[in-house]
Amino acid sequence: IDTLLALAERHRRDRLVFILGVDAFRDIGHWRRYRELFALCDIVVTSRPPLRRVPRLDRMLPAAARREFVCDGDPMQLVHVSGHRIVFRQISELNISSSDIRTRLRAGRSVRYLVPAPVAAY
């Protein structure tokens, strides 16, 4: 929330988009001040492999926030009272996670093809 508030202050004319995996979105109700996120930016929830079935965004929302959203006819998106949206997008089925990358780096294993070369070099 602190990062998004700072970005919103710096980029007042821009529409911010926060992208996160469906696994992280399922836990959003445990985040500090999570309900403020919905009014600050659009949220894109991406699939994580293996995708067994397309999730229902309305069912993943914390119960406390559900009344702040409506479905506009597209089951892949919800509209917040602020006008910002939560949208689900299926992405490639590459099983890459930041946790796995950090574990590999700690163990001295390669992250080649998991991150761009400049990121690996850093």
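Student: How many bridges join β3 to strand β4 (residues 77-80), and do they run parallel or antiparallel?
Tutor: Three bridges join β3 to β4, and the two run antiparallel. Strands here are DSSP runs (E, at least two residues), helices are H or I runs of at least four, and both are numbered from the N terminus. Two strands pair if DSSP finds at least two bridges between them.

Student: What kind of model is this?
Tutor: The model is predicted: local features need pLDDT of at least 70, side-chain atom pairs count only at pLDDT 80 or more, and totals for chains, interfaces and linings use all residues. Residues are numbered from 1 along each chain as its sequence is written, and side-chain values use heavy atoms, with hydrogens and water left out.

Student: Back to β4. Which residue there is the bridge partner of Phe69?
Tutor: His80 is the partner of Phe69. Cys71 has Leu78 as its bridge partner in β4.

Student: What sits between β3 and β4?
Tutor: Five residues; the two strands form a hairpin. Gly73, in the turn, has a positive phi of about 100°.

Student: Which way do the β4 side chains point?
Tutor: Gln77 and Val79 point one way, Leu78 and His80 the other. All four are buried. Buried means under 20% relative accessible area, exposed over 50%, and partly exposed in between (1.4 Å probe, protein chains only).

Student: How many bridges join β4 to β5?
Tutor: Three, and these strands run antiparallel. Val79 stands opposite Arg85 in β5. The hairpin of β4 and β5 has four residues between the strands, and Gly83 takes a positive phi near 100° there.

Student: What is the strand order in the open sheet?
Tutor: β1-β2-β5-β4-β3, five strands with mixed pairing. β1 (17-21) and β3 are the edge strands, each pairing on one side only. The twist averages 25° from one strand to the next. For that, axes are lines fitted to C-alpha atoms (for helices, over the stretch in contact), with angles from 0 to 180 degrees between N-to-C directions.

Student: New topic. How many aromatic pairs does a search of the whole structure find?
Tutor: Three. Rings of Phe, Tyr and Trp (its six-membered ring) pair if their centres lie within 6.5 Å; planes under 30 degrees apart count as stacked, over 60 as edge-to-face, the rest as tilted.

Student: Why is the pair of Tyr34 and Phe38 edge-to-face?
Tutor: The planes of Tyr34 and Phe38 stand at 80°, so the pair is edge-to-face, with ring centres 6.1 Å apart. Tyr34 and Phe38 are four residues apart in helix α3 (residues 34-40), so about one helical turn separates them.

Student: What does Phe38 do with Phe69?
Tutor: Phe38 and Phe69 form an edge-to-face pair too, 5.0 Å centre to centre and 80° between the planes. That pair links distant parts of the chain: Phe38 is in helix α3 and Phe69 in strand β3 (residues 69-71), 31 residues apart. Tyr34, Phe38 and Phe69 form one aromatic cluster.

Student: Is Phe38 buried or exposed?
Tutor: Buried, with a relative accessible area of 1%. Phe69 is buried as well, at 10%. So is Tyr34.

Student: How many residues are in the largest nonpolar core?
Tutor: It has 22. A nonpolar core is a set of buried Ala, Val, Leu, Ile, Met, Phe, Trp, Tyr and Cys residues joined through side-chain atoms within 4.5 Å. Phe25, Phe38, Val45, Leu57 and Ile86 have the most contacts inside this core. The largest share, four residues, comes from α3.

Student: What is Ile86 in contact with, leaving aside its neighbours within four places in sequence?
Tutor: Its contacts include Phe25, Phe38, Val45, Leu57 and Phe69. Contact means heavy atoms within 4.5 Å.

Student: And Ile101, where does it lie?
Tutor: Ile101 lies in helix α5. Ile101 is buried, at 13% relative accessible area. Leaving aside neighbours within four places in sequence, Ile101 is in contact with Ile96, Val111, Leu114 and Val115.
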